[in-house]
Amino acid sequence: MNDRVFISAMGLVPKNALSRLVGTLTRWRAPAPVRLAAMKAFARRYGIDLSECPDLEIYRTFGEFFARPLRPGLRPIAEGATVVVSPVDGVVSETGLATEGKLVQAKGIDYTVAALVADDALAARLAGGPWATIYLSPKDYHRIHFPLGGKVLGWRYVPGELWPVNPASVRTVPGLFTANERLVTVLETPLGRCAVVAVGATVVGRVHAYYDPSVPYTNLPGAAPRRHDYGTPIPVEKGRELGAFEMGSTVILLFEPGRARLDARLAPGTRVRVGEAIGGER
């Protein structure tokens, strides 16, 4: 389907309500035969490697399967306090420097750090720094990990729409990542300030943060923007689970300038995996 025709059609769909409905279904404790059949069909459709995760019988809902853990040892974490590791399994969409506080969404489309993180002070800190956008397809492992050790300083919850984040949407919807619902986790690391932005999408309405049970789930009816800064920041280890998409989407990783670098090999289309070294100290 032509990109613009697809996006025009999606504009008529009540995306947030649809996502909440699908989310409810994914959390339904269906009878075991129904649940197992759905998981197996999904795995076949998207080519999921079931050898990487625990047996399907342990999942009480389809949503638990989608946010499934990995078997221990499958994603070794690259060592080094200043070695940046990939926070997710996925494919790099775009990467670069946030020159003049702007990031590239696709050819001819950019957006601002300030609009993305909904925090002018944080945006000013990150302007000019390296960043990467990583897309998670339905077949990917959908948990998010910390790219460096350090401390969680706070979070920003930004309600919004839930456009798809597939390549057609990225090429066509201006400011897609600033229109969609998102959760921004703010870190202090050995390489300075870092933001991990989990962007929601159609059907992918819920992001669950593991570092603090009080962080709100995304895509709740009538939600308002929220932010929180910890009086005592939360210490975290590199590679520890930050959270999960209860369906899959996109993560945008940003660093302040002058401290961190991301590898030149991270060109659009590059596949990365959790724990893999993707950058380090300048």
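This is a predicted model: local features need pLDDT of at least 70, side-chain atom pairs count only at pLDDT 80 or more; totals for chains, interfaces and linings use all residues.
**Stop 1: the largest core**

Start by selecting V84, I144, V152, V196, Y211 and F255. Within the largest nonpolar core, which has 35 residues, these six touch the most other members. Keep V196 selected and show its surroundings. Beyond its neighbours within four places in sequence, V196 is in contact with I144, P147, L183, V184 and T185, and also with L187, L242, V251, I252 and L253. Apart from this core lies another one, made of 25 residues, including L153, V170, F177 and V199. As background, nonpolar side chains in soluble globular proteins tend to be buried together.

**Stop 2: a three-stranded sheet**

Next, switch to a cartoon view and find the open sheet with the strand order β6-β12-β10, where the pairing is antiparallel. Its edge strands, each pairing on one side only, are β6 at 143-145 and β10 at 207-209. On average, and ignoring direction, neighbouring strands in this sheet are turned by 25° against each other. Now zoom in on β6 and β12, the latter covering residues 241-245; three bridges join them in the antiparallel sense.

**Stop 3**

Which parts of the chain do Y111 and F177 tie together? Select both and look at their rings: the structure holds seven aromatic pairs, and this one is edge-to-face, with 5.9 Å from centre to centre and 65° between the planes. Y111 belongs to strand β4 (residues 109-112) and F177 to helix α8 (residues 176-179), so the pair connects parts 66 residues apart in sequence. Both Y111 and F177 are buried.

Then move to F146 and Y211. Their ring centres are 6.3 Å apart and the planes meet at 50°, so this pair counts as tilted. Here too, distant parts of the chain are linked: F146 is in the loop between β6 and β7 (150-158), while Y211 is in the loop between β10 and β11 (226-236), 65 residues apart. F146 is buried, with a relative accessible area of 0%, and Y211 is buried as well, at 6%.

**Stop 4: the loop between α5 and α6**

Go now to A118, in the loop between α5 (113-117) and α6 (120-126). A118 is not a glycine, yet its phi is positive, at about 55°. Its relative accessibility is 43%, so A118 counts as partly exposed.

Leaving out residues up to four places away in sequence, D119 touches A114, R156 and R227.

**Stop 5: E100**

Finish at E100, in the loop between β2 (90-97) and β3 (102-106). E100 has a phi near 55°, a positive value in a residue other than glycine. With a relative accessible area of 72%, E100 is exposed.

How values were computed: Residues are numbered from 1 along each chain as its sequence is written. Side-chain values use heavy atoms; hydrogens and water are left out. A nonpolar core is a set of buried Ala, Val, Leu, Ile, Met, Phe, Trp, Tyr and Cys residues joined through side-chain atoms within 4.5 Å. Buried means under 20% relative accessible area, exposed over 50%, partly exposed in between (1.4 Å probe, protein chains only). Contact means heavy atoms within 4.5 Å. Two strands pair if DSSP finds at least two bridges between them. Helices (H or I, at least four residues) and strands (E, at least two) are DSSP runs, numbered from the N terminus. Axes are lines fitted to C-alpha atoms, for helices over the stretch in contact, and angles run from 0 to 180 degrees between N-to-C directions. Rings of Phe, Tyr and Trp (its six-membered ring) pair if their centres lie within 6.5 Å; planes under 30 degrees apart count as stacked, over 60 as edge-to-face and the rest as tilted.
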